[in-house]
Amino acid sequence: MSAWDQFHLIGPVVVLFGGAGALLTWDLVQPRRAPVLALALLTLAAAFGYTLWHALTGSAGTAFDGAVVMDRFALFFAFLLIAVAAAVTVAATEFARRSDNAAEFYALLLVATGAMVLLTQANDLVSVFIALETTAIAQFVLAGIGRDARSSEAGLKYLLTGAVSAAVLLYGFALLFGLAGTTALPGIAAYVAAGHEETRLALILAFVLVAAGLGFKMATAPFHAWVPDVYQGAPTPVTSFLAVASKAAAFAVVLRVFYAGLGGGGTIISHDWSALFAVVAGVSMTFGNTAAILQTDVKRLLAYSSIAQAGNIAVGLAAVAAGSTIGPSGVLFFLGTYTAANLGVFIAVIAVSERIGSDEMRDYAGLLRRSPWLASILVLCLLSLTGIPPTAGFLAKLYIFNGAVQAGEPWLVWLVVVAVLNTAVSAFYYLRWARTIVLDEPLEGTSITAALPVQGLLTLAAAGVLFFGLVPAPLISAAQRAAEALQ
Amino acid sequence: MSLPETLTVTLAHYLALSGVVFGIGIAVALSKRNAIAVLMGVELMLNGVNLALLAFSRFGAFAGGTEPLAGHAFVVFVLTVAAAEAAVALAMAVLVYRRRETVDLDRISLMRW
């Protein structure tokens, strides 16, 4: 395979990194006069087009000695991540206009997106590590890019916890390498499948360390301590990127490493990692939902809600480990619908805080009268996060819980019971926010109008939430085909 | 009792050392309240990882031999990424220090739950 063919397989990543470099160079030559927004959108459009080309020509294969792989799984996430980055780019227009560092902001966003796409393609412990850290370092800086002290505090906290978790992850990788003698995921899969009973404990230690390191990226308990502070302190567009794109990429790499690398059901350790993720899921949901009830700051509320939702997705991971056939596609379907709903909520929050300069729950009182279109979409997306029909969130939860029950392990049935109870708890704070928006008297009567592109984005998010709630078949079949690529 | 005349250093010795270095690193990273000291702990953790990778690469893995130099190559990447991370971390610490006159993590607490 020629060098060109190999770079072709990671084409979207090359485009995103190249765009970031071009954007920074232009800004260096003509400070503050470079058309940064247009360049960022052009780069994302080119990367999206490249991904589309891959999807249409059915590209598949490995490159760079098996370090990266192009398959339907990577394509699924490439579309998702590039679309999220484009939405955040548009929603952040006003933030970037006020910022002194608009070029750096967009460049870092492109680098983080490119690294995430690479992460979903990584098929070797080394490339997983490089892509993960490139994503993380770009996000540390993004979290600290705001002008206030809270933003730099968020950046530093994120960085310190991130660095510790990366080191823990690496120790797990070193053990996996020491066991299997290779850093390639297929090689590790072969070692696990061979069933070396004598090294089972070492293998468990290795994957517990890996799960701990990746748990930080997924924002699951007990590695969630950074989430509320970083989500609250970071500029809201950055928070939305962390909550939506970063989380999807983290679950993608967990699926790739655990499902493709450590094997689905039926290996000597599949029971152990199923139990591990079941505990993580239960603790994340219960803790996240309980703490979210107490919040009055909407960004902090969304941070705890994101921990709880990570718990829901971890139910799917536990089902995958237990050998559920619909487990992997359930996780992908959930991530797809969660992206639409969460993005809708965040774009609305960005628009509101741009206008009224507050993230307090009480300032959302009577939003329906001040901004009917924005408020109705916000409420719709909140209903989807709760999981109420006919929104996509309902089907996503049904799908993922069904996968857990289908796996046929008694403890997974109990986990689903816990998850359903947690849904009831989450309804309390999601619907309280919705009630504040719809029923409460507004504190001020002035109307809030979002910019036209932002309204377009909101409409798209709402359309996604409703469309996939009523006609889920296209997304389900895409998720299934993506999941099949992992086997 | 006299010391053995030759001491053979085996994989187990390297792994024990690697575990100790990693353990000291994580203890430092979790207990120190100064951001710079936490970073030092992280560096120790990464060096513990590097020792383990190099030892496996030199002595072979449990499954038999390893891919030639795979561990060595991994270590080069770990070092590079650690340097990049440290650069960003120090820049961030300077930024916080300029605004708050401290990098004590207990006092960097505008946000608390």
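# Briefing: chains A and B

Read along the sequence, chain B follows the pattern α-α-α; helices (H or I, at least four residues) and strands (E, at least two) are DSSP runs, numbered from the N terminus. Its radius of gyration is 19 Å, well over the 13 Å that the globule rule gives for 113 residues, so chain B is more spread out than a compact globule. That radius is taken over C-alpha atoms, and the globule rule is 2.2 Å times the number of residues to the power 0.38.

The model is predicted: local features need pLDDT of at least 70, side-chain atom pairs count only at pLDDT 80 or more, and totals for chains, interfaces and linings use all residues. Residues are numbered from 1 along each chain as its sequence is written, while chains are lettered from A and ligands numbered from 1 in the order in which they are written.

**Chain B**
- Chain B has three helices and zero strands.
- The C-alpha trace of chain B spans about 55 × 40 × 25 Å along its principal axes.
- Of the 113 residues in chain B, 33% are buried (20 or more other C-beta atoms within 10 Å of a residue's own; exposed means 12 or fewer, partly exposed in between; C-beta atoms are placed from the backbone).

**Where the chains meet**
- Chain A brings 36 residues into contact with 41 residues of chain B (contact: C-beta atoms, placed from the backbone, within 7 Å).
- Elements giving two or more residues to the chain A side are α7 (125–143), α8 (149–180) and α11 (226–233).
- α8(A) gives the most, with 18 residues.
- The chain A side divides into 22 nonpolar, ten polar and four charged residues. Ala, Val, Leu, Ile, Met, Phe, Trp, Tyr, Cys and Pro count as nonpolar, Asp, Glu, Lys and Arg as charged, and the others, Gly among them, as polar.

**Nonpolar core**
- The largest nonpolar core has 245 residues; Leu81(A), Ala318(A) and Ile347(A) touch the most other members. Such a core is a set of buried Ala, Val, Leu, Ile, Met, Phe, Trp, Tyr and Cys residues joined through C-beta atoms within 7 Å.
- α8(A) gives the most to this core, with 20 residues.
- Beyond its neighbours within four places in sequence, Leu81(A) contacts Thr113(A), Met116(A), Val117(A), Ala245(A), Ala248(A) and Ala249(A).

**Helix α21(A)**
- α21(A), residues 473–484, has twelve residues and reaches 16 Å from first C-alpha to last, close to the 16 Å expected at 1.5 Å a residue (1.5 Å times one less than the number of residues).
- Leu475(A), Ala479(A), Ala482(A) and Ala483(A) are its buried residues. They cover an arc of only 95° around the axis, so they sit on the same side of α21(A); the arc is that of the directions from the helix axis to the C-beta atoms.
- These buried residues pack against α4 (72–91), α15 (327–356) and α20 (452–470) of chain A.
- Exposed Ala473(A), Pro474(A) and Ser477(A) are on the face turned away from the buried side.

**Backbone exceptions in chain A**
- Most residues other than glycine have a negative phi, and most peptide bonds are trans.
- Ala221(A) and Pro222(A) are joined by a cis peptide bond, omega about 0°. Pro222(A) is in the loop between α10 (200–218) and α11.
- Another cis peptide bond joins Pro389(A) and Pro390(A), omega about 5°. Pro390(A) is in the loop between α17 (372–386) and α18 (392–406).
- Arg32(A), not a glycine, has a positive phi of about 65°. Arg32(A) is exposed, with 9 other C-beta atoms within 10 Å.

Notes. Two residues are in contact if their C-beta atoms, placed from the backbone, lie within 7 Å.
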